[in-house]
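Colleague: I've got a model open and I'd like to learn how to read a few of its features. Could you walk me through them?

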Amino acid sequence: MLIVLVVLLGVAVDPLHPVPSPPFALVLALQLVYCLTPWRSRWPLAAQTLLLPWAGPAAAGMVAASALLVLRGAARWCLFGAVVATAALLAPATPFGIALAVLNAACQGLVLFGVTRLGDTRAAVHAARAQFAARAVSAERSRAARELEAALGTILSTIIALVGRGDTARIAEVSRSAAARARAVPSATGEPAPEPDLTPRLALPILVAVHAGYLATSLIYLQGRPAPSLLAAGILGLQLHHALPRPPGARPRHAAWTAAALVLLTAVTLLYPGQAYPQLAGFAAAGFLIFGRGWWPLAGVVIASLSAVLAVRGYSPAENLYWTFNAVAIAAMLYGLSTQTALVFEAREAQRALAALAAADERRRISRDVHDLLGHGLSAITVKAELAGRLGPEGSGEQLAEIAAIARRSLAALRAIPADPDPRLSLAAELDSARSVLEAAGVKVTVRRESGRDDALLAIVLREAVTNVLRHSDATYCLIDITPAGLRVVNDGVRAVRGTGSGTANLTARVAAAGGTLTAGSDGGEYRLTVLYPAVLGGDADGVEPIARV
């Protein structure tokens, strides 16, 4: 808001005529409404347009800005052009007077629109950061759903079809392949999620157009004199270079050299033989303001030097005041426009980063759920298919029926994963499934359950633990112990030290997110996986010994 006020002050105040006419004052008051409030009614714009012939060409920039702020589509630019043309009709009837009025109206209108609208947009971008993340997550879920269906959905459907043919060898082969794919899908980075275009497409064009307009004004004022024209082009070019959006905290390229060049060119314009060119000092001061607060004293030196040089060169106090204020106003306007544009671009980049992080988190969540929720089912299918193969056609009917049921449940879980970040599993059902699968693999199972709580997190942990028993051991027995303190799974037949794979890492992250701890490792030929809930991390709970001690 402060930037908008400073820019509006620079546009509206004339130090040689400090008391405005009533029509001009009304236009200014209505402009304050547009620039400082979110109200965008067309009635103030209509009043400003009607007052413009009496307010004079100095008010044209404000009315032009109002047209851009209130209207949309082609209408805004039509009225903008009409207001600028009206400024030409109200200006002194000389080529220089007409050109100056037109360019000032256009540039001031664009600057006021820029600092007001870009500020509104920056606030909208910040307010919509959750929408950015939600869109990114939604896009990632859609992509994952397609990939999961292509990678695993077809395989599970194939298993169901193979059950009907009784092809146990092929079922085991397909389920092993699917289990390997479940550990890798969907880990690849998806395409960037589409984002709403909240940053105005006009931001950079406005910045460039304003600099071009002021360059044209300067060239008209200089009447094409080569050396001063080159000075003006150099100063405005350096100022535009400084004003272009860049990453937060970064300075323009070759900042030391461009700053030195700006100081040198400004000194030449003020000390130019025969006549000073004070209108260029404001552009140089803006260039230093944009560098950051550490450079603001140098901008103050430029303005103070302007006033001092004009006094030494014999300019009247009124002329000195006019040119000094003109330089301050131009510096404030260009600094405000470049700052607001940079802030909007920074906000956009921040939202892009936020959306990317949200999509990455969702990608990891989906990959983890695929591993945790499908790995067990596919391993179970493999075990039961091998058992069915050993039993032969006469005794495999029950195992094939269970394979089909597991495949259907896995297919349903697969399709639910992208949409459901917290699938609700039944611990009782997982215990029954674990007993059935382990016994089918020839493992003696002992289940002790002291807690009646049906915990979905423990169900997920149990599913992964049983999958690890099947994949990473030659177990002959397995103990599953569930208490109010948590869960413990112990088995023998350890083939290799486990706990470094993605499955255990996923489970550790899940349990930690719930405030608990998970430990896993070999101990005397046994492998133990233990989960503790937060209430018992420091000791006993309700007289139950923490399972980490077992």
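Predicted model: local features only at pLDDT ≥ 70, side-chain atom pairs only at ≥ 80, totals over all residues.

Colleague: How many aromatic pairs does a search of the whole structure find?

Modeller: Rings of Phe, Tyr and Trp (its six-membered ring) pair if their centres lie within 6.5 Å; planes under 30 degrees apart are stacked, over 60 edge-to-face, and the rest tilted. The search turns up six. One of them joins Phe288 and Trp295, stacked at 6.3 Å centre to centre with 0° between the planes. Another is Tyr322 with Trp323, edge-to-face at 5.1 Å and 75°.

Colleague: Is Trp323 buried or exposed?

Modeller: Buried means under 20% relative accessible area, exposed over 50%, and partly exposed in between (1.4 Å probe, protein chains only). Trp323 has 13%, so it's buried, while Tyr322, with 32%, is partly exposed. Phe288 and Trp295 are both buried.

Colleague: Why is helix H12 described as largely enclosed?

Modeller: Helices (H or I, at least four residues) and strands (E, at least two) are DSSP runs, numbered from the N terminus. In H12, residues 281-291, eleven of the eleven residues are buried, so the rest of the structure largely encloses it. Phe288 is among them. Just after H12, Gly292 takes a positive phi of about 130°.

Colleague: And where does Thr517 lie?

Modeller: In strand S4, residues 517-523. Its C-alpha is 6.8 Å from that of Tyr533, 16 residues away along the chain.

Notes
Residues numbered from 1 in each chain as written. Heavy atoms only, no water.
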